[in-house]
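Welcome to this short tour.

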Amino acid sequence: MSELAPSRRSRRNRATTRETDGDLVVPITLPHLVVRVDADDQISVTLDGAPVTGEPVGRHALGGLIDEVLRRRKVPVRVEIVEHSGTTYTDVLTPPVPEPDPELASETAGMTAQDPRLPVLFEAVGEGFVPGEDVALAVIIRHSSSDGYGRVRHVIEDRELQGGGSEVLLFGRISGTTHIVGGLG
């Protein structure tokens, strides 16, 4: 193999860091960010051995520096902070979620409640339950506990109302308090 031609392994390493369809791709070897804190609480930062800051900067700049490295690299980064006392903290940080694509945002802005991807929610509310008691929502979809005043709140998706029904039953398991809540659909 020629010295000028990259090995098959190095081509594979480069291929794993390219951007994909929004998936987070983790390279074989994580970039290594080392932060060294001196006695004056100034930091020196290197990324894979290359200096990120020309000279030491205040510790207050650490968050911004790490954020900038994560945004530029777009892959997880191993961060190691070495305090002046010798204490070392190590973590792997992932880049922030990218800003939404303006084209995609305009598509979702036109979605209506009838869009099958977005659920339509209804609320069933009742009072007179024993504080803390389990309250059933019929057809028994779920249970929840009432608050300290004996009130309960359930949120129901339209698809949970079988057969397009517009009434639900709230039933207190201890008190026997029953409410029929209508007009939901």
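Start with helix H2, whose buried residues pack against S1, S2, strand S4 (57-58), S5 and strand S6 (88-93). A few words on what you are looking at: this is a predicted model, in which local features need pLDDT of at least 70 and side-chain atom pairs count only at pLDDT 80 or more, while totals for chains, interfaces and linings use all residues. Residues are numbered from 1 along each chain as its sequence is written, and side-chain values use heavy atoms, leaving out hydrogens and water. Helices (H or I, at least four residues) and strands (E, at least two) are DSSP runs, numbered from the N terminus. Buried means under 20% relative accessible area, exposed over 50%, and partly exposed in between (1.4 Å probe, protein chains only). Packing and touching here mean contact, that is, heavy atoms within 4.5 Å.

**Stop 1: around H2**

Select Leu62, Leu65, Ile66, Val69 and Leu70, the buried residues of H2. Look down the helix axis: these buried residues fall within an arc of 130 degrees, so they line one face of the helix. The arc is taken from the directions from the helix axis to the C-beta atoms. From its first C-alpha to its last, the twelve-residue H2 reaches 17 Å, close to the 16 Å expected at 1.5 Å a residue; the expected span is 1.5 Å times one less than the number of residues. Step just past H2 to lysine 74, which takes a positive phi of about 60 degrees.

**Stop 2: the cores**

Which residues have the most contacts inside the largest nonpolar core? Select Leu33 and Ile43, which hold that place in this core of 14 residues. A nonpolar core is a set of buried Ala, Val, Leu, Ile, Met, Phe, Trp, Tyr and Cys residues joined through side-chain atoms within 4.5 Å. Two or more residues come from each of S1, S2, helix H2 (62-73) and strand S5 (77-82), and H2 gives the largest share, five residues. In soluble globular proteins, nonpolar side chains tend to be buried together.

Zoom in on isoleucine 43. Setting aside residues up to four places away in sequence, isoleucine 43 touches a list that includes Val35, Val37, Pro56, Leu62 and Leu65. Then move to a second, separate core of ten residues, with Val152, Val168, Leu170 and Val181 among them.

**Stop 3: glutamate 80**

Select glutamate 80 in strand S5. Is glutamate 80 buried or exposed? Glutamate 80 counts as buried because its relative accessibility is 16%. Beyond residues up to four places away in sequence, glutamate 80 touches His32, Leu33, Val34, Val35, Thr88, Tyr89 and Thr90.

**Stop 4**

Go to aspartate 38, in the loop between strand S1 (32-37) and strand S2 (42-47). Aspartate 38 counts as partly exposed because its relative accessibility is 29%. Its side chain reaches the backbone nitrogen of aspartate 40 at 3.0 Å, and a polar atom of that side chain lies 2.8 Å from the backbone nitrogen of glutamine 42.

Finish on aspartate 41 in the loop between S1 and S2, where phi is near 65 degrees, a positive value in a residue other than glycine.

How values were computed: Polar contact = N/O pair within 3.5 Å; in protein donor to acceptor, adjacent residues only side chain to side chain.
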